Amino acid sequence: MIFTATSDGYLDIDGRRVRCALGRSGVRPAADKREGDGASPLGVWPIRRVLYRPDREPAPETGLPVAPLAPEDGWCDAPGDPAYNRPVRLPYPASAEQLWRQDRVYDLIVILGHNDDPPVSPMGSAIFLHLIQPDGSPTAGCVAIHRQDMLDLLARARPGDALAILPAEPL
C-alpha cells in the first residue's frame, strides 16, 4: 500500500483523507532537496521501521518492524559526516537531532527511506512521518499527522509499503 500525502495538507489512509503538516518551505523535488531547507521531498519513500517512546506509548499495533527509543537516540544531520542521515547515539561529535524530545511529536516516528540507500550529502536527512504539533504547524521537512491517524495508518501498514509525498496538482 502507498499512503499519499499531498502538498495541500492531506494524507490518504486507505481511502480516508486526514489533515497533515508538511515542511515549512512546502514541497520540492527530491533532486532539489537540501539539508536544512525546510522542504518535504516529493517522491515515494519506502517505510523502513517504527520507533516509539516506551515511557509514553505502548508499542503500536503494526506489521512493520518496531523498536523502542532510548534517551540517547539521535539522527545525524551533519552533511559530510560518515553517519549522515543515520541513527547515532548521543552525545555525538557532529550535529545530530535528538529523537527523545520533550514535546510529543516523536512519541511515534515512522522512518522513511528518503536519501538512505546510500545517503548523499547534503540531500536531506531525518525525513520521517511523525506526530503533528497541537497547533498543526509545519515541520522541518517531515510529514506529521494526529496520533489516532498515525495509529490507524500503522495498523494497516505492512513491510513493502511506502509514503508518497506529491503535489496537490501537477507541477
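In this predicted model, arginine 56 is partly exposed, with a relative accessibility of 24%. The side chain of arginine 56 forms a salt bridge with aspartate 107, and the closest N and O atoms of the pair are 3.0 Å apart.

In general, side chains of opposite charge can pair when their charged atoms come close. The model contains 15 salt bridges in total. One of them joins lysine 33 to aspartate 37, with a distance of 2.5 Å between the closest N and O atoms. Lysine 33 has a relative accessible area of 2% and is buried. Aspartate 37, at 16%, also counts as buried, because the limit for this class is under 20% relative accessible area.

A further salt bridge connects arginine 156 with aspartate 152, at 3.0 Å from N to O. Both residues are part of helix H1 (residues 147-156), where they stand 4 residues apart, about one turn of the helix. Arginine 156 is partly exposed, with a relative accessible area of 33%, while aspartate 152 is buried at 18%. Arginine 156 and aspartate 152 also belong to a network of salt bridges, in which they are linked with Asp14, Arg16 and Asp149.

Asparagine 115 was examined for its surroundings. This residue is located in the loop between S10 and strand S11 (128-131). Asparagine 115 is buried, and its relative accessible area is 12%. When residues up to four places away in sequence are left out, asparagine 115 touches Tyr84, Asn85, Val120, Met123 and Gly124. For one of these residues, valine 120, the backbone nitrogen lies 2.8 Å from a polar atom of the asparagine 115 side chain. Isoleucine 127 is 12 residues from asparagine 115 along the chain, and the C-alpha atoms of these two residues are separated by 8.7 Å.

Note on methods. Residues are numbered from 1 along each chain as its sequence is written. This is a predicted model: local features need pLDDT of at least 70, side-chain atom pairs count only at pLDDT 80 or more; totals for chains, interfaces and linings use all residues. Side-chain values use heavy atoms; hydrogens and water are left out. A salt bridge is a side-chain nitrogen of Lys or Arg within 4 Å of a carboxyl oxygen of Asp or Glu. Buried means under 20% relative accessible area, exposed over 50%, partly exposed in between (1.4 Å probe, protein chains only). Helices (H or I, at least four residues) and strands (E, at least two) are DSSP runs, numbered from the N terminus. Contact means heavy atoms within 4.5 Å. A polar contact is a pair of N or O atoms within 3.5 Å; within protein, one must be able to donate a hydrogen and the other to accept it, and residues adjacent in sequence count only if both atoms are side-chain atoms.
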